[in-house]
Amino acid sequence: MHVSASLARFYDSCRKEAEKTEFQAICSDFVREKLDNESLQDQLAALSTISSLMQGIPEIGGRVFSNETTMEAVIKLGKLDHHAAKRFAAEAIAHAASDKDRCAAILAEGFTILKDLYKSKQPDIRVRALVGLCKLASTG
């Protein structure tokens, strides 16, 4: 949450539209670079970044998440048999489900993965999946 607040504060301090556009490009490039890496740690860092952006600067987080390759990577990570990957994916999808404009795209691909994650025996994953399902139901 501290990272989200710091990112939001930094973004708000950008006075010119060009600065905001550059910041968005930097965020997008960072996430894309981390997701393209084969390292699971880097991919989890990308999901954490997306979640932080969604909490602090929803418009930028939404643009980063809405990228087709990003959404595919989140879905892929949610299907892995890895606790942290499932938790991070469920959280990222839940944050993305807050925006009505993205809900249609998430419903198409994210609903199934959230349902599967909700069946997990891990309570932290189940809670995040439930939050995402509730958000999809309320905005979709």
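A residue is called buried here when its relative accessible area is under 20%, exposed when it is over 50%, and partly exposed in between, using a 1.4 Å probe and protein chains only. His 95, at 17% relative accessibility, therefore counts as buried. The model is predicted, so local features need pLDDT of at least 70 and side-chain atom pairs count only at pLDDT 80 or more, while totals for chains, interfaces and linings use all residues. Residues are numbered from 1 along each chain as its sequence is written, and side-chain values use heavy atoms, with hydrogens and water left out.

Start with the overall fold. The chain holds 8 helices and 0 strands. Helices (H or I, at least four residues) and strands (E, at least two) are DSSP runs, numbered from the N terminus. Read from the N terminus, the order of elements is α-α-α-α-α-α-α-α. The radius of gyration is 14 Å, close to the 14 Å that the globule rule gives for 140 residues, so the chain is as compact as a globular protein of that length. That radius is taken over C-alpha atoms, and the globule rule is 2.2 Å times the number of residues to the power 0.38. The C-alpha trace spans about 45 × 35 × 25 Å along its principal axes.

Next, the surface and the contacts. Of the 140 residues in the chain, 41% are buried. The chain exposes about 7,900 Å², and carbon and sulfur atoms supply 53% of that area. Accessible areas come from the Shrake-Rupley method with a 1.4 Å probe; for residues, only the protein chains shown count as cover. A contact means heavy atoms within 4.5 Å. Among contacts in the chain with a separation of 6 or more, 62% join residues 24 or more positions apart.

Now go inside. In soluble globular proteins, nonpolar side chains tend to be buried together. A nonpolar core is a set of buried Ala, Val, Leu, Ile, Met, Phe, Trp, Tyr and Cys residues joined through side-chain atoms within 4.5 Å. The largest such core has 36 residues, and those touching the most other members are Leu 47, Ile 50, Ile 57, Ile 60, Phe 65, Val 74 and Ile 93. Two or more core residues come from each of α1 (2-13), α2 (17-36), α3 (40-56), α4 (58-66), α5 (68-79), α6 (83-96), α7 (100-118) and α8 (123-139). Helix α6 gives the largest share, 7 residues.

Which residues does Ile 50 contact, leaving aside its neighbours within four places in sequence? They are Val 31, Val 64, Phe 65, Thr 70 and Ala 92.

Tyr 11 is buried, with a relative accessible area of 9%. Not counting residues up to four places away in sequence, Tyr 11 touches Lys 20, Phe 23, Ile 57, Glu 59 and Ile 60. Tyr 11 and Leu 53 are 42 residues apart in sequence, yet 10 Å apart in space, C-alpha to C-alpha.

Return to His 95, which is found in helix α6. Beyond its neighbours within four places in sequence, His 95 is in contact with Ser 51, Met 54, Gln 55 and Lys 135.

Charged pairs come next. Side chains of opposite charge can pair when their charged atoms come close. A salt bridge is a side-chain nitrogen of Lys or Arg within 4 Å of a carboxyl oxygen of Asp or Glu. The structure holds 4 salt bridges. In one of them, Asp 42 pairs with Lys 34, with the closest N and O atoms 3.4 Å apart. Asp 42 is buried at 18% relative accessibility, and Lys 34 is buried at 19%.

Arg 87 pairs with Asp 124, the closest N and O atoms being 3.4 Å apart. Arg 87 is partly exposed at 23% relative accessibility, as is Asp 124 at 24%. Glu 91 pairs with Arg 128, with the closest N and O atoms 3.0 Å apart. Glu 91 is partly exposed at 25%, and Arg 128 is partly exposed at 24%.

Last, the cysteines. A disulfide is a pair of cysteine sulfur atoms within 2.5 Å. The count by this rule is 0 disulfides. For Cys 27, the nearest cysteine sulfur belongs to Cys 14 and is 9.7 Å away. Cys 27 is buried at 10% relative accessibility, whereas Cys 134 is partly exposed at 46%.
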